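Dear colleague,

I am handing over the structure below, and my notes on its strands and aromatic rings follow it.

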Amino acid sequence: KSYGPRQIYVMGAVNSPGIKNMNIDSLNVFAALSAGGGITNRGRKKHVQVLRTVGDTMYYKEVNMDEYVKKHDMRQNLALQDGDIVYVPDSNKIVFSEDIMPYISGFALYKSLTN
């Protein structure tokens with residue numbers, strides 16, 4: 001006999017948001033983010049939020065995945081339960097290669113065509 005997969009909601013600034021079916025052996029924040037395709041360039045990996053509803057109360061915990069990956073702080077990789085939400089907020093930062101370079105390339109193309 002085996003346990004069925006648990007559903008975790010991975011949302012926000014991840015490459016593949018949605019409901020992820022996860023095995024009970026790998027039910028943690030890092031595995032959930034990996035199932036979601038990883039955090040995007042705009043995601044706040046130092047402020048990942050884990051939300052859990054128990055009865056009528058929603059509990060919230062913020063984890064720093066940067067500390068987990070770079071400093072191996074195991075306290076940051078929380079164990080998850082069926083129905084938990086892992087949310088990566090957007091940083092609203094400017095990414096040079098995505099926000100500025102297309103305009104510079106477009107302007108350079110325009111200048112080369114008009115000269």
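**Strand pairing and an aromatic pair**

L51 stands opposite I85 in strand 5, and in strand 4 the bridge partner of L51 is Y60. Please keep in mind that this is a predicted model, in which local features need pLDDT of at least 70 and side-chain atom pairs count only at pLDDT 80 or more, while totals for chains, interfaces and linings use all residues. Residues are numbered from 1 along each chain as its sequence is written, and side-chain values use heavy atoms, with hydrogens and water left out.

Strand 3 (residues 48-54) runs antiparallel to strand 4 (residues 57-63), the two being joined by seven bridges; strands pair if DSSP finds at least two bridges between them, and strands (E, at least two residues) and helices (H or I, at least four) are DSSP runs numbered from the N terminus. Two residues lie between strand 3 and strand 4 in their hairpin, where G55 takes a positive phi near 65°. Strand 3 is also joined by three bridges to strand 5 (residues 85-88), again in an antiparallel arrangement.

A search of the whole structure finds one aromatic pair (rings of Phe, Tyr and Trp, the last by its six-membered ring, with centres within 6.5 Å; planes under 30 degrees apart are stacked, over 60 edge-to-face and the rest tilted). The ring centres of F30 and Y68 are 5.4 Å apart and their planes are at 55°, so the pair is tilted. Because F30 lies in helix 1 (residues 29-35) and Y68 in helix 2 (residues 65-71), the pair ties together parts that are 38 residues apart in sequence. F30 is partly exposed at 37% relative accessibility, whereas Y68 is buried with a relative accessible area of 16% (buried is under 20%, exposed over 50% and partly exposed in between, with a 1.4 Å probe and protein chains only).

Best regards
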